Amino acid sequence: MRSSVQFFIKLFFPLLPETKCFALKRFMLRWAGAKVGRNVRVCSSVMIVGAGELEIGDNTWIGHRCLISASSSVRIGKNVDIAPNVFIGNGTHGITPERDRVADMELSRDVEVGDGCWLCAGCMVLPGVSIGSKCVVAAGSVVTRSFGTMKLLAGVPASIKRELSAEG
């Protein structure tokens, strides 16, 4: 995404009603270089940073005060619900105890959230994670590794609490 346009988005988004003007917000994100699907709804308090690639699928909701940090690629599928205060990011550091700073080497690892997922309030999706379609990440969970489809994930670090099924 283009950082010069992101600067204007950061200034303008907070001036818009939190849960209105979605078409204008989609337009602005596309102008910044994001691939944004149809009927994507982004709350005004959402913060999107980084010069990486951002893709948001059709009919996705991104709730209040979420932070998306895209230093490489962040792909959010279609029909995803992201609750308030969720963090999704792909920037990290290598651990280098032999250097002056233990977090010295900068790294970026792509993140993917599959179609139909629900990321509950306050959860975190860390660098290098791929979450399969129709997963639920429980509130406050920290996803540190990848998971397949139709799982209920919870905890710190997140683990599979149960398999989800179409039968309920």
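A: Here is a short chat about the charged pairs.
A: This is a predicted model, where local features need pLDDT of at least 70, side-chain atom pairs count only at pLDDT 80 or more, and totals for chains, interfaces and linings use all residues. Residues are numbered from 1 along each chain as its sequence is written, and side-chain values use heavy atoms, with hydrogens and water left out.

Q: How many salt bridges does the count come to?
A: The count comes to 5, taking a salt bridge as a side-chain nitrogen of Lys or Arg within 4 Å of a carboxyl oxygen of Asp or Glu.

Q: Which residue does Glu112 form a salt bridge with?
A: Glu112 pairs with Arg75, and their closest N and O atoms are 3.4 Å apart. Glu112 sits in strand 12 (residues 111-113) and Arg75 in strand 7 (residues 73-76), so the bridge ties together parts 37 residues apart in sequence. Strands here are DSSP runs (E, at least two residues), numbered from the N terminus.

Q: And what is Arg75 linked with in a network?
A: Arg75 is in a salt-bridge network with Glu112 and Asp115. Between Arg75 and Asp115, the closest N and O atoms are 3.6 Å apart. Asp115 is in the loop between strand 12 and strand 13 (118-119), 40 residues from Arg75.

Q: Switching topic: where does Arg38 stand, buried or exposed?
A: Arg38 is exposed, at 60% relative accessibility; buried means under 20% relative accessible area, exposed over 50%, and partly exposed in between (1.4 Å probe, protein chains only). Arg38 forms a salt bridge with Asp58, with the closest N and O atoms 2.7 Å apart. Asp58 is partly exposed at 21%.

Key. Helices (H or I, at least four residues) and strands (E, at least two) are DSSP runs, numbered from the N terminus.
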